[in-house]
There are 4 protein chains.
Amino acid sequence: MSNYSVILSNVGSCADRFLPTGYDEPVAIPELFRRVSQIPQVKGVELIGSWHVTEHNVQEIKKYLDEYQLQLVSIIPDHFGQAKWKNGSFSSKDKSIRAEAIQHTKEMVDAAVELGGNLLSLWPGQDGYDYLFQADYIQERDWFAEGIQESCRYRSDVKISLEYKIKEPRTHSYLSTAANTLLIIQEVAEANCGVTIDFGHSLNAYETPAETVALLKKYGDKLFHVHMNDNYRHWDDDMIVGSVHLIETLEFFYWLKRTGYQGWKSIDQYPYREDSLAAVREGVNAMESFDKLIERIPDHEIEALIKHGKSPEITSYLRKLLLNV
Amino acid sequence: MSNYSVILSNVGSCADRFLPTGYDEPVAIPELFRRVSQIPQVKGVELIGSWHVTEHNVQEIKKYLDEYQLQLVSIIPDHFGQAKWKNGSFSSKDKSIRAEAIQHTKEMVDAAVELGGNLLSLWPGQDGYDYLFQADYIQERDWFAEGIQESCRYRSDVKISLEYKIKEPRTHSYLSTAANTLLIIQEVAEANCGVTIDFGHSLNAYETPAETVALLKKYGDKLFHVHMNDNYRHWDDDMIVGSVHLIETLEFFYWLKRTGYQGWKSIDQYPYREDSLAAVREGVNAMESFDKLIERIPDHEIEALIKHGKSPEITSYLRKLLLNV
Amino acid sequence: MSNYSVILSNVGSCADRFLPTGYDEPVAIPELFRRVSQIPQVKGVELIGSWHVTEHNVQEIKKYLDEYQLQLVSIIPDHFGQAKWKNGSFSSKDKSIRAEAIQHTKEMVDAAVELGGNLLSLWPGQDGYDYLFQADYIQERDWFAEGIQESCRYRSDVKISLEYKIKEPRTHSYLSTAANTLLIIQEVAEANCGVTIDFGHSLNAYETPAETVALLKKYGDKLFHVHMNDNYRHWDDDMIVGSVHLIETLEFFYWLKRTGYQGWKSIDQYPYREDSLAAVREGVNAMESFDKLIERIPDHEIEALIKHGKSPEITSYLRKLLLNV
Amino acid sequence: MSNYSVILSNVGSCADRFLPTGYDEPVAIPELFRRVSQIPQVKGVELIGSWHVTEHNVQEIKKYLDEYQLQLVSIIPDHFGQAKWKNGSFSSKDKSIRAEAIQHTKEMVDAAVELGGNLLSLWPGQDGYDYLFQADYIQERDWFAEGIQESCRYRSDVKISLEYKIKEPRTHSYLSTAANTLLIIQEVAEANCGVTIDFGHSLNAYETPAETVALLKKYGDKLFHVHMNDNYRHWDDDMIVGSVHLIETLEFFYWLKRTGYQGWKSIDQYPYREDSLAAVREGVNAMESFDKLIERIPDHEIEALIKHGKSPEITSYLRKLLLNV
């Protein structure tokens with residue numbers, strides 16, 4: 001079956017620009033681990049650099065992973081949550097910041113190895129621009145790719161999976177869409193450089209997430225990691241898996257299976273107002289249900305729908321499957 | 001149970017700006033009626049003024065309605081499909097065009113009565129603007145309301161249901177959202193003036209269609225008519241009911257029931273590439289399935305979800321209902 | 001000329017969900033006032049309840065207003081920045097929270113009066129919902145209107161201006177659009193209840209801001225207050241005035257003048273990465289430039305463009321005005 | 001200076017799905033040429049295959065080009081305006097249709113050469129999908145690239161410039177964004193395969209058009225052609241150049257100059273309600289004004305803005321340039 005994981009902070013408290021102190025009481029790291037351990041299907045966690053793991057607390061984190069028998073699925077380096085990155089990290093106009101971005105990545109690679117992991121899921125959230133006439137689009141993208149390349153070359157046995165998102169916190173991100181990410185990956189030309197699809201980011205970019213799985217398969221089998229959530233298409237609402245776009249999620253899970261995806265399926269939800277453990281638990285239950293449903297449907301039935309491409313046949317099939325009256 | 005109908009042209013051929021001659025062979029009116037009659041759950045049709053019914057062919061249309069035992073659900077006056085309306089109908093800067101818009105509406109009211117109907121579903125598609133600094137927003141809205149008011153006063157026993165849509169064919173429509181329509185209805189102050197929710201138009205306006213049902217109930221019980229389809233939220237794609245936003249559709253049907261909606265549920269799909277009869281048939285099957293599913297769910301269960309407002313509880317409930325693994 | 005003001009926090013530091021500690025060092029209230037005082041065209045400030053002004057520090061705030069000769073333009077009650085409001089304030093399912101929302105508003109009304117002001121700009125940011133099947137859309141909207149009504153009745157000489165926004169922090173806000181707000185205002189039926197247009201919120205709701213000025217004029221002369229900024233239409237980016245939608249901003253300022261708007265034009269920008277004082281200063285300079293440009297253009301010239309409604313004529317005019325080559 | 005052209009049909013009449021017979025009287029080809037000749041800055045035309053030029057009327061077209069001293073800028077093959085393409089052309093599940101798509105392209109290559117041209121601007125508007133579970137995303141993209149490759153190899157001295165667009169007429173196009181197009185171009189691996197940026201398509205894909213110019217420069221100098229218009233970001237409204245996004249257009253023209261773009265700037269507007277010649281004339285006047293303004297601004301001034309990346313500095317500069325009060 002699938003490997004389910006969760007980003008550790010998901011079971012904690014969230015903040016936003018109007019309530020920066022958070023919608024709930026802050027939750028300490030030991031408690032975050034304890035909460036994750038209460039979700040039976042979850043076998044691994046993703047940790048955020050500087051938020052959860054630093055070059056200095058690796059041993060402490062190791063203890064929690066062992067105690068709760070959780071694998072380190074990935075480290076998400078912190079290229080977005082420190083004020084020094086505000087004008088970019090890998091693509092910063094400031095040479096010393098660019099060097100720090102690479103250095104931090106290498107530190108997180110080392111930390112991952114120490115913790116038994118082999119994956120970084122890298123989201124360069126502050127790399128991009130906000131205003132017109134603000135960016136040197138070529139130079140900054142060159143710097144970005146150079147930084148990623150150097151990071152990838154540090155240890156070829158650790159995968160660096162680039163997570164794209166079209167905007168937020170910048171009004172425009174450089175690592176915007178799957179196709180854009182593939183261009184960068186081709187430029188970087190390292191086998192350990194791949195892509196993280198965040199289902200919600202994909203929807204927000206007017207991609208069809210299932211198509212993105214296919215695109216990444218076609219262009220080099222570059223899907224390394226998956227983050228799951230849902231939204232209303234216009235924004236990265238980070239809602240519970242399957243709460244809005246049920247059919248897109250089902251198609252996504254089908255194409256993950258069809259393309260032989262063997263990686264983790266990880267929750268990336270922001271449960272602002274929810275009991276965060278309950279929300280993540282439901283997200284995991286949803287992922288498991290989608291996987292089971294896809295297992296249950298004979299492959300040849302979906303292949304026939306795709307082969308014919310006739311929408312009345314498709315909608316009839318889905319209606320009977322889901323509405324089931 | 002519910003009353004299902006379809007806009008007659010839905011079972012014909014569609015065109016767009018790139019293929020204005022149509023994606024399929026044109027279908028004559030007798031054949032359109034024959035096709036509709038093949039959908040067992042459909043008891044009525046909506047006819048488009050000038051496209052299907054004019055002041056001159058009422059008797060001929062009557063024959064088809066009788067032959068196929070179909071009720072006239074509504075006439076949709078043609079305020080959008082003739083070049084004379086291109087700069088607006090009720091809100092045109094040209095006084096004679098405004099008068100024609102009203103006159104055409106009255107003719108369609110008469111035709112509806114003759115055909116045994118009592119509803120116009122009025123979509124003023126050309127009323128709005130495209131460019132900035134192009135419109136006198138106050139004057140044109142005043143004219144619009146005056147024209148609607150005069151039309152409503154013509155026969156108080158015929159309902160005039162205003163169908164809103166935020167854009168297309170104009171870049172901005174005057175009758176844009178449900179709330180905007182309610183303002184106009186209050187201004188018109190006629191009991192026979194109400195609202196048509198087109199599910200897709202509602203999604204495209206970033207409304208939650210179920211909430212719009214509630215809004216129209218709250219502000220005067222003004223929901224007169226419903227058009228069903230689906231889309232990807234960014235545009236009026238006019239796809240088969242339930243093909244994308246399954247949960248929003250389910251919630252919409254729930255609130256239609258909850259608010260005691262007794263009107264018709266009508267298909268408004270543009271099956272560009274589909275076998276149009278098959279696509280409409282599937283849309284009707286979908287509407288029926290949503291109705292049945294809502295009937296099957298004990299009301300108190302949904303009321304509890306709403307009362308608590310806890311998303312893990314809601315998503316868990318929907319997951320078990322729909323994914324059912 | 002126009003009255004320019006700024007929301008006090010605009011010249012401070014901002015945070016977001018990824019960097020909740022802020023993009024810059026926090027700035028204390030005395031320094032915020034000092035900064036605002038350095039923008040010569042600014043004659044007033046808006047203060048946020050609980051962030052800047054509470055029932056307990058009114059005298060202290062009074063001192064700053066006097067020291068810097070700034071008028072209190074409005075108090076923005078804090079119905080959004082405290083965890084207790086997370087599931088709604090006026091529309092909360094919790095009766096005691098609803099009562100607190102009203103109580104806080106009354107306290108801010110009293111504070112405003114004490115500080116020589118007569119306007120609250122009320123943004124109920126947490127009132128709405130996130131998930132489908134989560135909200136009782138009728139009941140919660142009833143509660144919302146009741147709470148606003150009671151707040152308005154507290155002191156008829158203090159205006160309560162409702163600021164709409166379609167989403168954020170909720171995925172869907174109740175006070176969503178201008179038209180929606182007018183429905184509520186009509187329901188509340190108090191003369192001191194009006195509307196705040198936030199230019200960016202208007203764009204994000206696919207409104208044309210100038211049209212919204214006209215709509216509010218038409219339906220009861222209800223425009224009480226204006227917040228200025230810019231964005232890319234898809235989100236409330238809160239960027240510097242005029243930095244993207246120059247023509248929409250120009251048209252907005254024209255219609256403000258045309259409808260005789262006498263209120264304040266206030267900056268509501270979130271300068272995440274900018275020198276916040278410089279960014280606000282530029283926003284004010286921009287507002288002043290738009291006002292001057294509108295003053296300079298003979299009214300009859302724009303009236304002619306609108307009267308004819310011919311886009312080649314309009315674009316030609318704007319091109320010569322703005323590109324000026 | 002720049003080379004300005006126009007798509008021939010732009011000066012004619014347009015249709016849409018509600019008014020498929022057209023908003024104005026149809027205009028015959030000779031008259032279309034005559035109209036274009038009245039725009040002094042226009043030196044070339046783009047012709048649409050099957051609409052304007054076929055394998056059979058090349059001599060007739062040659063006469064018009066000579067008579068009006070217009071260059072053939074490009075042929076836009078007709079892969080979108082015939083019912084046979086409705087389920088795709090290069091990516092059709094039907095092998096014979098795929099062959100026809102290639103065949104038609106070769107015919108248009110031949111026609112272009114005969115008419116003295118060396119560019120096809122290829123917009124595969126029907127290639128994509130509408131429904132979920134409808135497409136084999138890998139197989140169809142493979143077919144698409146194969147078809148484009150064979151077309152490019154037919155004559156290496158004729159450039160084939162792929163015009164991307166995220167949707168319409170399909171709900172999702174395969175040739176969706178600039179990055180996606182670059183992936184295909186790299187796969188095709190032919191020097192004569194490049195990209196057409198349609199300014200409005202770029203905006204609609206949440207690209208910053210100037211950034212796309214830079215991206216295409218960076219990844220192989222692949223910008224072959226430019227279509228100009230404007231919209232409200234949510235749809236391909238095909239409005240007059242510079243009528244909404246003035247600053248994005250200015251930045252776009254700056255980056256065209258900065259990257260040494262030597263190709264044509266062509267009008268692609270749909271003047272539904274406008275005097276089409278007047279609208280296109282205004283579009284050309286706008287392009288010329290943007291070019292002149294960019295020429296007038298000292299390069300080092302914009303380079304400084306970009307180098308510093310400080311938004312108050314940028315907005316101040318643009319304000320003085322454009323508002324000029």
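Q: What area is buried between chain B and chain A, and what percentage of it do carbon and sulfur atoms give?
A: The model is a predicted one. The contact involves 34 residues of chain B and 34 residues of chain A. Between them the buried area is about 3,200 Å², and the share from carbon and sulfur atoms is 63%.

Q: Which element gives the most residues to the side of chain B that touches chain A?
A: There are 10 residue pairs in polar contact between chain B and chain A, both residues at pLDDT 80 or more. On the chain B side, α8 (246-258), α9 (276-296) and α11 (311-322) each give two or more residues. With 10 residues, the element that gives the most is α9(B).

Q: Which residue of chain A meets E282(B) in a salt bridge?
A: Between chain B and chain A the count is 2 salt bridges. In the one formed by E282(B), the N to O distance is 3.0 Å, and the partner is R319(A).

Q: How much area do chain A and chain D bury between them?
A: Here 51 residues of chain A are in contact with 51 residues of chain D. Carbon and sulfur atoms account for 64% of the buried area, which is about 4,600 Å². In chain A, 19% of what that side buries belongs together to the three residues that lose the most area: F133(A), L183(A) and Y206(A).

Q: Which residue of chain D meets E187(A) in a salt bridge?
A: The rule finds 8 salt bridges across the interface of chain A and chain D. One of them has an N to O distance of 2.5 Å and joins the side chain of E187(A) to that of K218(D).

Q: Which residues have the most contacts inside the largest nonpolar core?
A: This core has 419 residues. Leaving out residues up to four places away in sequence, F33(A) touches residues including L8(A), V45(A), I61(A) and Y68(A). Those with the most contacts inside the core are F33(A), F33(B), F33(C) and F33(D).

Methods. Residues are numbered from 1 along each chain as its sequence is written. Chains are lettered from A and ligands numbered from 1 in the order in which they are written. This is a predicted model: local features need pLDDT of at least 70, side-chain atom pairs count only at pLDDT 80 or more; totals for chains, interfaces and linings use all residues. Side-chain values use heavy atoms; hydrogens and water are left out. Contact means heavy atoms within 4.5 Å. Buried area is the accessible area (1.4 Å probe) that two parts lose on being put together, summed over both. A salt bridge is a side-chain nitrogen of Lys or Arg within 4 Å of a carboxyl oxygen of Asp or Glu. A nonpolar core is a set of buried Ala, Val, Leu, Ile, Met, Phe, Trp, Tyr and Cys residues joined through side-chain atoms within 4.5 Å. Buried means under 20% relative accessible area, exposed over 50%, partly exposed in between (1.4 Å probe, protein chains only). A polar contact is a pair of N or O atoms within 3.5 Å; within protein, one must be able to donate a hydrogen and the other to accept it, and residues adjacent in sequence count only if both atoms are side-chain atoms. Helices (H or I, at least four residues) and strands (E, at least two) are DSSP runs, numbered from the N terminus.
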